[in-house]
2 protein chains.
Amino acid sequence: MSLLDRPVTDRYESRVGRDRRVVERAEPVLWGGTDAAGPLSPAQLASFERDGYVVLDGWIDTSTVDTCLREIERLAMTPEIRTDERSVLEPDSGALRSLFEVHRTDSAFADVVADERLAGVARQILDDDVYVHQSRINLKPALEGKAFPWHSDFETWHVEDGMPEMRAVSCSIALTDNTEWNGPLLLIPGSHRRYVSFGGHTPDENHRTSLRRQEHGSPDLDTLESLYAEGGIATFAGGAGSVAFFDCNVMHGSPNNISPLSRTNAFFVYNAMSNAIGEPFGTDAPRPSHIAERDPAALPRR
Amino acid sequence: MSLLDRPVTDRYESRVGRDRRVVERAEPVLWGGTDAAGPLSPAQLASFERDGYVVLDGWIDTSTVDTCLREIERLAMTPEIRTDERSVLEPDSGALRSLFEVHRTDSAFADVVADERLAGVARQILDDDVYVHQSRINLKPALEGKAFPWHSDFETWHVEDGMPEMRAVSCSIALTDNTEWNGPLLLIPGSHRRYVSFGGHTPDENHRTSLRRQEHGSPDLDTLESLYAEGGIATFAGGAGSVAFFDCNVMHGSPNNISPLSRTNAFFVYNAMSNAIGEPFGTDAPRPSHIAERDPAALPRR
């Protein structure tokens, strides 16, 4: 079925040729409420519900962080990795920028992604069994790490991957110190309650041209000013081992890293088993499975 | 006299084909000591001496800030300004990035640059009459304002303008809020006591190719890591009207601005009358006078 034949029944339609608009979110943020059992306290859950994210200082132990960093160092020095389709290189320097699907290709990250401190929080927020929709390492090297423009992950996952509902949660794990000046994650508190759609259409193979990403799925200045006026901007700064959990629809981005301190983070997306992806809502061809899991298997509860 | 004929007597030689090196600063930071009379307290002067900069919250009144912003708005909408040699445009969008020599071309900025709260501080630090070596407006527009790589201003002014000694001070005036996330000035405290020279040579007309600036006068990662290990990194964040005075040799830079809040600052450089510029120490042709004043006139004491 081509896009033109589809009925207009998608609340979150975007990039299907209609005007940009902002709609209210339909789904809850906490699917099990603030009393759901799990690693987070009711106060932390309430903070997540209000702001769309929660920052947990020192959440992951030093030994686990060190294991991850050693593993990344090994991977970055493996020649085949650079030419693998799971790798994204910096446009100018050719340095490794992102490495996808590490939870499948690397046993150390497979352990971390299933850790109760992470997967358990996802189950607590989403009130369901969860699987890994996407995993990746984001390296923002000293002096040359590039920015990520503002976006809602859900908009992309809905349009390009076919994720039906806002029932997914991301976490960013600081493996090196994340400071206000080394290209940290910036979030607009409260923006998870608005869904920003876009006009135009998604070009074929959009995921291969990340440089042009800002044209597809990043809001214009008016929209950002409006979200900012309501919520301001918050910075995820924290030492290695700190974790930010953030809702799939919160508006976020990050500036470049001109500092001498590299910022290395692991990024995991947990999706509710009941929210597995189907046909994309705004493109004809789904993205490859190393970017969007199409064979969901629930992570074991421990 | 060509560069090759010059004797090696320049302590701060750089970009003259010799190896990169780091030397100790020879000059004092406070030429009149911490008891010099003027707008700054002895504690503020001591802080400037130790760190190489001092931040003054709410230093300039709202009325003056508003006058400056109105004037910038008017200038940015004047078509001739964009094609004037004093204007620097953003490489991608063509938006106005910098506008030089505003203290000469605009009476509002002529008043501000001579204000005792600014020129008086420069006299207090430099213990001499002062003139304006350079003035400019730096606009870092929302979403698209580009980064400035790390550099010491003095290195450029010595090599390209012929400034003899470290007896100049800059000030950056926040005309809109400067936050940790809208591309703020970053400084390495204590770095003003080291002078980092560079190998290679300066290309002709270097000031016209600011995009390539990072190749000429910006330190490598090893040097920055070493300066950072000693001093860390400080952010100049403050509301409109806040001012940062910083030594001509402190290492500084600023990241891009992905936020919806434009960062607009005025930047003035005061040089001691006794330190007027001569023949450049590392190039054959001096930069134009709108970038480096060659006809110094002391600002009147008020």
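1. Ground rules first. This is a predicted model, with local features needing pLDDT of at least 70 and side-chain atom pairs counting only at pLDDT 80 or more, while totals for chains, interfaces and linings use all residues. Residues are numbered from 1 along each chain as its sequence is written.

2. Each partner brings its share to the contact (heavy atoms within 4.5 Å): 24 residues from chain A and 24 residues from chain B. The buried area, meaning accessible area (1.4 Å probe) lost on being put together and summed over both parts, is about 2,100 Å², and carbon and sulfur atoms give 70% of that. On the chain A side, Trp181(A), Ile258(A) and Pro260(A) lose the most area to chain B, together 32% of what that side buries.

3. Don't go looking for salt bridges (Lys or Arg side-chain nitrogen within 4 Å of an Asp or Glu carboxyl oxygen) between the chains: the count is zero.

4. Which elements of chain A give two or more residues to the side that touches chain B? They are strand E6 (148-151), helix H8 (221-231) and strand E12 (252-254); helices here are DSSP runs of at least four residues (H or I) and strands of at least two (E). H8(A) gives the largest share, four residues.

5. E6 and E12 also turn up in an open, antiparallel sheet of four strands in chain A, ordered E6-E12-E8-E10. Pairing takes at least two DSSP bridges, and E6(A) and E12(A) have two, in the antiparallel sense. His151(A) has His252(A) of E12(A) as its bridge partner.

Conventions. Chains lettered and ligands numbered in written order. Heavy atoms only, no water. Buried area = accessible area lost by both parts, 1.4 Å probe.
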